[in-house]
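Subject: Structure for your review

Dear colleague,

I am passing on the structure we spoke of, and I would be glad if you could look through it alongside the notes in this message.

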Amino acid sequence: MTDRLITHLRHVDLAIPDFDTQREFYTNLWGLTPVAEDNGIVFLAAEGSPEQYIVRLRKDSEKRLDLISYGVASREDVETMAERLGRADVQLISEPDTLHTAGGGYGFRFFDIDGRTIEISADVALRQHRGIEERESIPVRLSHVVINSPDPSRTQAFYEQHLGFALTDTLTHPHLGEMMKFMRCNPQHHSLAIAKGPHVSLHHVSFEMRGLDEYMRGTGRLLRAGTRLLWGPGRHAAGDNTFSYFIDPHGNTVEYTTELELLDEDSWHPSLYDVSRLENQDQWGTANPFGELVAKESFNDVDRGLFIAPPV
């Protein structure tokens with residue numbers, strides 16, 4: 001798509017019942033920095049990222065994915081996207097306006113084809129950030145988000161048609177068909193992936209580390225703290241990135257990764273990766289096989305999306 005307006009992934013917002021436990025996990029163990037907090041909401045930044053925050057936690061009686069936020073280059077692009085989506089009968093939650101979250105900015109929200117809340121924004125104030133030091137095992141930035149969909153092809157078509165995402169690669173299985181679609185909004189191999197699941201939910205959120213040593217040190221810190229390792233450490237074939245998947249205190253899957261592939265979009269052609277071949281799951285052969293029990297963990301709880309009131 002030549003008129004792609006989305007530039008990057010900004011943040012992922014989660015609602016959880018036990019706010020204090022989740023806040024403790026993402027700050028003191030996972031390695032994020034609180035930058036603003038008020039009345040059961042905390043905004044968490046990555047020290048190496050200019051984004052005001054990459055995760056927002058909100059206390060609620062129901063666990064859910066509140067929203068996924070993407071950036072565009074200007075207020076004009078925000079308005080262009082809102083106008084396009086409105087003409088296409090995509091359900092808008094709000095019209096373009098000033099944002100009253102950390103960093104401010106200008107944006108709007110809408111429901112995607114599966115009922116997830118998506119935010120588009122521009123003019124968000126940049127945060128003073130720093131280079132992550134050697135051996136410092138905290139996230140540099142938000143890498144990507146993966147969502148579950150009962151109909152990945154339909155979800156893929158929505159993101160291609162309305163948001164300008166492009167298909168990078170697909171994971172397949174001889175008996176189960178297409179399992180995951182990697183989608184990009186910039187030269188990064190994927191900022192979004194769509195997994196085949198039994199219901200609409202969050203699959204996992206991935207955080208980029210400085211390098212291999214920092215990635216392994218972070219993985220070790222989580223293991224020593226008793227955090228459940230779901231899958232890894234290893235290196236994927238699609239995307240060529242490392243992976244260590246953990247389960248947070250509320251059952252969400254979160255990943256440490258590094259070295260995600262950067263593409264030449266003009267020459268890239270999508271490939272099919274058969275995940276029944278173990279080398280396509282993990283090039284190194286160090287991770288536990290991705291079997292049915294591991295897959296079920298990332299199905300997560302059902303997210304009712306647009307069937308309940310939009311989040312604040």
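Predicted model: local features only at pLDDT ≥ 70, side-chain atom pairs only at ≥ 80, totals over all residues.

Residues are numbered from 1 along each chain as its sequence is written, and side-chain values use heavy atoms, with hydrogens and water left out.

The chain has six helices and 17 strands, where helices (H or I, at least four residues) and strands (E, at least two) are DSSP runs numbered from the N terminus. Its radius of gyration, taken over C-alpha atoms, is 18 Å, close to the 20 Å that the globule rule (2.2 Å times the number of residues to the power 0.38) gives for 312 residues, so the chain is as compact as a globular protein of that length. Along its principal axes, the C-alpha trace spans about 50 × 40 × 35 Å.

Of the 312 residues, 58% are buried, meaning under 20% relative accessible area with a 1.4 Å probe, protein chains only. Among contacts (heavy atoms within 4.5 Å) with a separation of 6 or more, 67% are between residues 24 or more positions apart.

Turning to the open sheet, its eight strands follow the order E2-E3-E4-E1-E5-E8-E7-E6 with mixed pairing, two strands being counted as paired if DSSP finds at least two bridges between them. Strand E2 (33–37) and strand E6 (97–98) stand at the edges with a single partner strand each, so one side of each has no neighbour in the sheet.

Strand E5 (residues 64–72) runs antiparallel to strand E1 (residues 6–16), and eight bridges join the two; His-11 has Ser-69 in E5 as its bridge partner, and Ala-15 stands opposite Arg-64 in E5. E5 is also joined by four bridges to strand E8 (residues 117–122), and these two run parallel, with Tyr-70 opposite Ile-120 in E8. Nine of the nine residues of E5 are buried, so this strand is largely enclosed by the rest of the structure.

With best regards

Notes:
Buried < 20%, exposed > 50% of the residue type's maximum accessible area, 1.4 Å probe, protein only.
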